[in-house]
Amino acid sequence: MVKEDLPHLYGRAAKEVTVHFDSAKSHAAKYTQNWMKVNHPRFVPYYHWMAKSPDVAPLDYAINGILKKYLADRKATTIPGLSKVIQDVRTNFDLRIIRKSLSSWQGRVQKMLDRKGDHVEID
């Protein structure tokens, strides 16, 4: 991903991209973390990642589902078409949704802690 995808997507700016992984074991592995330190130091190390819970990640519990719906509704079939859809979504996305999801974050984290890391359902 770092050697091929970032340069393809960002060109010369690839070295300026900050990489954040999910919590897959291969991403948290010492080998991967050390490789990133040497080859692409602009990354978020595993010890700064959120808990392995989509219940406490605002992108997971609020925003990704909406973005997926927009993308599914538009059915882009080409890379330029996908780029246009993403740009349209970004331009028209209701910032109140983001603000609401971020303001609920502390309560979500507390509920997850109270449940000792178990799944949390919150409306």
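Guide: Gladly! A helix here is a DSSP run of H or I that is at least four residues long, and helices are numbered from the N terminus. Thr-32 sits in one of them, helix α3, which covers residues 30-39. Please keep in mind that this is a predicted model.

Visitor: How many helices and strands does the protein chain have?

Guide: There are seven helices and zero strands, and the pattern along the sequence reads α-α-α-α-α-α-α.

Visitor: Why is Thr-32 called buried?

Guide: Buried means under 20% relative accessible area. Thr-32 has 18%, so Thr-32 counts as buried. Leaving aside residues up to four places away in sequence, Thr-32 touches Ser-26 and His-27.

Visitor: And Lys-75, is that residue buried or exposed?

Guide: The cut-off for exposed is over 50%. Lys-75 reaches 60% relative accessibility, so Lys-75 is exposed. Lys-75 belongs to the loop between α4 and α5 (79-92).

Visitor: What makes the phi of Lys-75 worth a mention?

Guide: Most residues other than glycine have a negative phi. Lys-75 is not a glycine, yet its phi is positive, about 50°.

Visitor: Why are α4 and α6 called roughly antiparallel?

Guide: Angles over 145 degrees count as roughly antiparallel. The axes of α4 (residues 58-74) and α6 (residues 95-103) cross at roughly 160° and come within 9 Å. The two helices are therefore roughly antiparallel to each other. The crossing is right-handed.

Visitor: Which residues of α4 and α6 meet there?

Guide: From α4 come Pro-58, Tyr-61, Ala-62, Ile-63 and Ile-66, and from α6 come Ile-97, Ile-98, Ser-101 and Leu-102. Sorted by type, eight residues of this contact are nonpolar, one is polar and none is charged.

Visitor: Which residues does Trp-49 touch?

Guide: Not counting residues up to four places away in sequence, Trp-49 touches His-20, Phe-21, Asp-22, Ser-23, His-27, Ala-28, Gln-33 and Val-44.

Visitor: How many residues does the protein chain have, and what share of them count as buried?

Guide: Of its 123 residues, 24% count as buried.

Key: Residues are numbered from 1 along each chain as its sequence is written. This is a predicted model: local features need pLDDT of at least 70, side-chain atom pairs count only at pLDDT 80 or more; totals for chains, interfaces and linings use all residues. Side-chain values use heavy atoms; hydrogens and water are left out. Axes are lines fitted to C-alpha atoms, for helices over the stretch in contact, and angles run from 0 to 180 degrees between N-to-C directions. Angles under 35 degrees count as roughly parallel, over 145 as roughly antiparallel, 65 to 115 as roughly perpendicular and the rest as oblique. A crossing is left-handed if the near helix is turned anticlockwise from the far one by less than a right angle, and right-handed if clockwise. Contact means heavy atoms within 4.5 Å. Ala, Val, Leu, Ile, Met, Phe, Trp, Tyr, Cys and Pro count as nonpolar, Asp, Glu, Lys and Arg as charged, and the others, Gly among them, as polar. Buried means under 20% relative accessible area, exposed over 50%, partly exposed in between (1.4 Å probe, protein chains only).
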